[in-house]
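Please look at the structure below before reading the points.

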Amino acid sequence: MVRILYSWIATIASAAVTYWLGRGPTARTLERYGGGTVERIRRFVGRNAFSASFIIRNVPSAPFIVVNMAFGAVRASFPAYLAGCALGVLPKTALVAFFGGSFMAAVSGDGVWTSVILAAVAAVWLVLMLAVREWVKRREAARGLSVD
């Protein structure tokens, strides 16, 4: 449990730092050279900072640092962004922390049930990730926007 807490705190701290790094020159560059697509993304994220931050953590996307800097660059609400990030990273953080202990238990020979539980947790995470991805696609299709 301590590993999960430490990993979660470090992830949130890293997300906060890289968000603010994106607010500087990156934001100014986007303001200067960004076109209609960038403005549309900026408006969407501005209205939905919590949801966008939460969802992006559970779908395949760009690397963590790029995503965080992008939220800063589009000037998303920092409290909403950080809250969405804090909740959105919990499943993967728990999975990774649990996997480390489970892997060691499985390798040492007493990991049959641990392996079954790990597989179940991974399957639930995968189903949730795919469900969120489908939800986002349907929501954007209803608005007439393309997510792909």
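1. At what angle do helix H1 and H5 pack, and how far apart are their axes? H1 (residues 2-22) and H5 pack at an angle of about 50°, with their axes 7 Å apart. Helices are DSSP runs of H or I, at least four residues, numbered from the N terminus. Axes are lines fitted to C-alpha atoms over the stretch in contact, and angles run from 0 to 180 degrees between N-to-C directions.

2. This is a predicted model: local features need pLDDT of at least 70, side-chain atom pairs need 80 or more, and totals for chains, interfaces and linings use all residues. Residues are numbered from 1 along each chain, and side-chain values use heavy atoms, without hydrogens and water.

3. The angle between H4 (residues 49-56) and H6 (residues 78-88) is about 30°, and their axes are 7 Å apart. H4 and H6 are therefore roughly parallel (angles under 35 degrees). Ser-53 and Phe-54 are among the H4 residues that meet H6, where contact means heavy atoms within 4.5 Å.

4. The second largest pocket has a volume of about 180 Å³. A pocket is an open set of points on a 1 Å grid where a 1.4 Å probe fits, with protein on both sides within 12 Å along at least five of seven lines; lining residues have an atom within 4 Å of a point. The volume is the space filled by probe spheres set on the points.

5. The lining of this pocket includes Thr-11, Arg-57 and Lys-92. H5 (64-73) and H7 (90-107) each supply at least two lining residues.

How values were computed:
Parallel < 35°, antiparallel > 145°, perpendicular 65-115°, else oblique.
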